[in-house]
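Please read the following note with the sequence and the model at hand. The points are numbered so that each may be checked in turn.

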Number of protein chains: 6
Amino acid sequence: MIGSKIRVEMKGSEHHVLEGTLNSVDDYLNLHLLETVEIVHGERARSLGSVILRGNNIILISPVE
Amino acid sequence: MIGSKIRVEMKGSEHHVLEGTLNSVDDYLNLHLLETVEIVHGERARSLGSVILRGNNIILISPVE
Amino acid sequence: MIGSKIRVEMKGSEHHVLEGTLNSVDDYLNLHLLETVEIVHGERARSLGSVILRGNNIILISPVE
Amino acid sequence: MIGSKIRVEMKGSEHHVLEGTLNSVDDYLNLHLLETVEIVHGERARSLGSVILRGNNIILISPVE
Amino acid sequence: MIGSKIRVEMKGSEHHVLEGTLNSVDDYLNLHLLETVEIVHGERARSLGSVILRGNNIILISPVE
Amino acid sequence: MIGSKIRVEMKGSEHHVLEGTLNSVDDYLNLHLLETVEIVHGERARSLGSVILRGNNIILISPVE
């Protein structure tokens with residue numbers, strides 16, 4: 001999935017969803033995303049750029065077509 | 001259970017339930033589901049396709065008959 | 001406790017309680033229950049049959065007499 | 001602390017507090033309590049008897065005098 | 001930081017903050033505090049004495065001057 | 001990223017965001033930040049100074065420009 005665009009649902013608050021290009025992943029499923037955008041109620045809400053997502057707080061990963 | 005249809009209840013928000021065909025599972029109970037559908041209030045709400053579910057955020061797994 | 005009936009309180013939503021017969025348990029306290037019933041406000045609410053409960057999301061286990 | 005009475009605050013719902021006699025503890029801080037009582041708003045609310053508390057969902061342990 | 005006074009923010013309920021003197025810490029960041037006081041809305045609310053705080057449920061540790 | 005300013009979103013309560021200078025990070029993604037400031041609704045709300053953030057309760061890390 002490296003290099004492809006993914007959608008990641010995180011814990012923390014309800015409906016915390018991010019989309020970005022997967023740059024790297026480690027053994028703990030920590031993800032490094034590029035060009036990351038926060039999605040609120042299905043809309044692109046905020047541009048976050050390069051982010052690290054903590055693996056144990058990921059709920060769900062799915063590909064973005 | 002590989003190849004069979006399962007129902008998975010996740011943490012994150014209340015009543016976050018997914019159904020799909022179990023494609024693979026690793027040592028951390030991370031699940032790869034195919035033809036995944038999100039279930040809201042017992043109804044098929046959204047089609048997600050291929051998803052990875054993080055093992056430590058799974059609450060409950062049960063078979064779908 | 002294998003073969004005996006237990007009550008398990010889970011994380012996820014408030015008062016998420018399950019009762020079932022303990023079929024097996026692994027090193028991570030993942031539980032496999034049979035004839036599992038969901039308990040809501042002290043009442044048997046829904047029959048779930050065979051379920052796997054993720055160990056790290058278990059709050060409390062107690063025997064059912 | 002084995003054999004002494006302790007107060008344990010758990011995750012799951014707000015103010016989920018239990019008191020009991022510590023029977024055993026393992027490397028993961030999983031606790032086995034005897035004569036366990038659930039405490040709601042500072043009052044003894046419900047008698048649970050023998051319970052296992054999952055270590056990673058414990059917030060705080062303190063002695064009961 | 002052993003022997004110094006620290007402020008610890010815990011998971012469980014919102015704004016769950018404790019202050020105490022750090023007596024010991026283990027590899028999992030489990031903390032043993034002495035003379036612990038619960039802080040609610042910035043006020044010293046309740047004296048807890050000797051407490052064990054579970055490392056994985058700690059959000060933030062900061063020194064108290 | 002050592003020495004650079006980062007923004008960290010934590011679990012615990014909704015929109016719990018901190019900004020600070022990354023002083024060190026360990027294998028568990030525990031972070032030591034200096035000159036840490038709590039951000040509430042996008043505003044600098046409270047100065048916390050030197051803080052330790054527990055790795056498993058981090059949701060997201062992003063650079064601050």
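1. Chain F can be laid on chain E by a turn of 60° and a shift of 0.0 Å along the axis, with an RMSD of 0.0 Å. The two copies are thus related as by a six-fold rotation axis. Such copies are superposed by least squares on the C-alpha atoms of residues with pLDDT of at least 70 in both.

2. The model is a predicted one, in which local features need pLDDT of at least 70 and side-chain atom pairs count only at pLDDT 80 or more, while totals for chains, interfaces and linings use all residues. Residues are numbered from 1 along each chain as its sequence is written, chains are lettered from A and ligands numbered from 1 in the order in which they are written, and side-chain values use heavy atoms, with hydrogens and water left out.

3. A rotation of 60° with 0.0 Å of shift along its axis also superposes chain A on chain B, with an RMSD of 0.0 Å. Of the residues of chain A, Asn56(A) comes closest to the rotation axis, its C-alpha lying at 6.6 Å. In chain F the residue closest to the axis is Asn56(F), at 6.6 Å (C-alpha).

4. How many residues of chain F are in contact with chain E? There are 15, and they meet 16 residues of chain E; contact means heavy atoms within 4.5 Å. Only 20% of the interface residues of chain F are also interface residues in chain E, so the copies meet through different surfaces.

5. The area buried between chain F and chain E is about 1,300 Å², of which carbon and sulfur atoms give 55%. This buried area is the accessible area (1.4 Å probe) that two parts lose on being put together, summed over both. Across this interface of chain F and chain E, the rule finds 0 salt bridges (a side-chain nitrogen of Lys or Arg within 4 Å of a carboxyl oxygen of Asp or Glu).

6. Asn56(C) is found in the loop between strand 4 (43-53) and strand 5 (58-63) of chain C; strands are DSSP runs (E, at least two residues), numbered from the N terminus. Asn56(C) is buried, with a relative accessible area of 12%, where buried means under 20% (1.4 Å probe, protein chains only).

7. Which residues does Asn56(C) touch? Not counting residues up to four places away in sequence, they include Asn56(B), Tyr28(C) and Asn56(D). The backbone oxygen of Asn56(B) lies 2.9 Å from a polar atom of the side chain of Asn56(C).

Key. Helix = DSSP H or I, 4+ residues; strand = E, 2+ residues; numbered from the N terminus. Buried < 20%, exposed > 50% of the residue type's maximum accessible area, 1.4 Å probe, protein only. Polar contact = N/O pair within 3.5 Å; in protein donor to acceptor, adjacent residues only side chain to side chain.
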